[in-house]
Amino acid sequence: MKTILLVDDNLTYMEYLKKFLQWNGYHVNIAGTFNEAVMCIKDNPPALICSDFDLQERTGIELLDELNSQNLQIPFIILSCHEKEDYEMEALAHGTTLCLDKMQTSMVRDTLLTYAEKYCRLTEVKVSDSF
């Protein structure tokens, strides 16, 4: 089954997105650190990655560089609370698929759902009846 990997050190935000995607039928793995993300990717390469720009020990761009060094071509979305002008050009130069404003929660949800539909197969059962 194709999965989505969410990478963020903000557990509350990550769990919110995870539940939303699961409710819509997608299988989601989460990682709270750069190293956890690398291990998740190694153990079960996802079909889509959504990472916070600022992780505790490294950045989302460094995670993308790690994928690139292993020749893994996985769609990669970066979320950030920073102004896009501060990081977007660098992120796109490293191969980021898309940069989103983390504070625009509805837009993030809708965009993740669009990319999930494009890159992941739906599971048959929804996890929850309400969201």
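Which residues of helix α2 (residues 34–43) are buried? In this predicted model, local features need pLDDT of at least 70, side-chain atom pairs count only at pLDDT 80 or more, and totals for chains, interfaces and linings use all residues. Residues are numbered from 1 along each chain as its sequence is written, and side-chain values use heavy atoms, with hydrogens and water left out.

The buried residues of α2 are Phe34, Ala37 and Ile41. Buried means under 20% relative accessible area, exposed means over 50%, and partly exposed lies in between (1.4 Å probe, protein chains only). Helices (H or I, at least four residues) and strands (E, at least two) are DSSP runs, numbered from the N terminus. Viewed along the axis of α2, the buried residues fall within an arc of 60 degrees, so they line one face of the helix. The arc is taken over the directions from the helix axis to the C-beta atoms. An α-helix has 3.6 residues a turn, so residues three or four places apart point the same way. Asn35, Lys42 and Asp43 are exposed on the other side of α2. The buried residues of α2 pack against β1, β2 (27–31), β3 and α3 (60–69). Contact here means heavy atoms within 4.5 Å.

Strand β3 also holds Ser51. Ser51 is buried, at 0% relative accessibility. Beyond its neighbours within four places in sequence, Ser51 is in contact with Val7, Gly60, Leu63, Phe76, Ile77, Ile78 and Leu79. Asp8 is 43 residues from Ser51 in sequence, yet their C-alpha atoms are 6.0 Å apart in space.

Side chains of opposite charge can pair when their charged atoms come close. A salt bridge is a side-chain nitrogen of Lys or Arg within 4 Å of a carboxyl oxygen of Asp or Glu. The whole structure contains three salt bridges. One of them pairs Asp8 with Lys102, with 2.8 Å between the closest N and O atoms. Asp8 lies in the loop between β1 (3–7) and α1 (11–23), and Lys102 in the loop between β5 and α5 (105–119), so the pair ties together parts that are 94 residues apart in sequence. Asp8 is buried, with a relative accessible area of 4%. Lys102 also counts as buried, at 7% relative accessibility.

Asp52 forms a salt bridge with Lys102 as well, and here the closest N and O atoms are 3.3 Å apart. This pair links distant parts of the chain, with Asp52 in strand β3 (residues 48–52) and Lys102 in the loop between β5 and α5, 50 residues apart. Asp52 is buried, at a relative accessible area of 6%.

Arg58 and Glu62 form a further salt bridge, with the closest N and O atoms 3.6 Å apart. Arg58 is partly exposed, at 33% relative accessibility. Glu62 is likewise partly exposed, at 30%. Salt bridges that share partners join Asp8, Asp52 and Lys102 into one network.

Thr96 sits in the loop between α4 (88–93) and β5 (98–101). Thr96 is buried, with a relative accessible area of 6%. A polar atom of the Thr96 side chain lies 2.9 Å from the backbone oxygen of Ala91. Not counting residues up to four places away in sequence, Thr96 touches Leu64, Phe76, Ile78 and Ala91. Phe76 and Ile78 are also among the contacts of Ser51.

Technical notes
A polar contact is a pair of N or O atoms within 3.5 Å; within protein, one must be able to donate a hydrogen and the other to accept it, and residues adjacent in sequence count only if both atoms are side-chain atoms.
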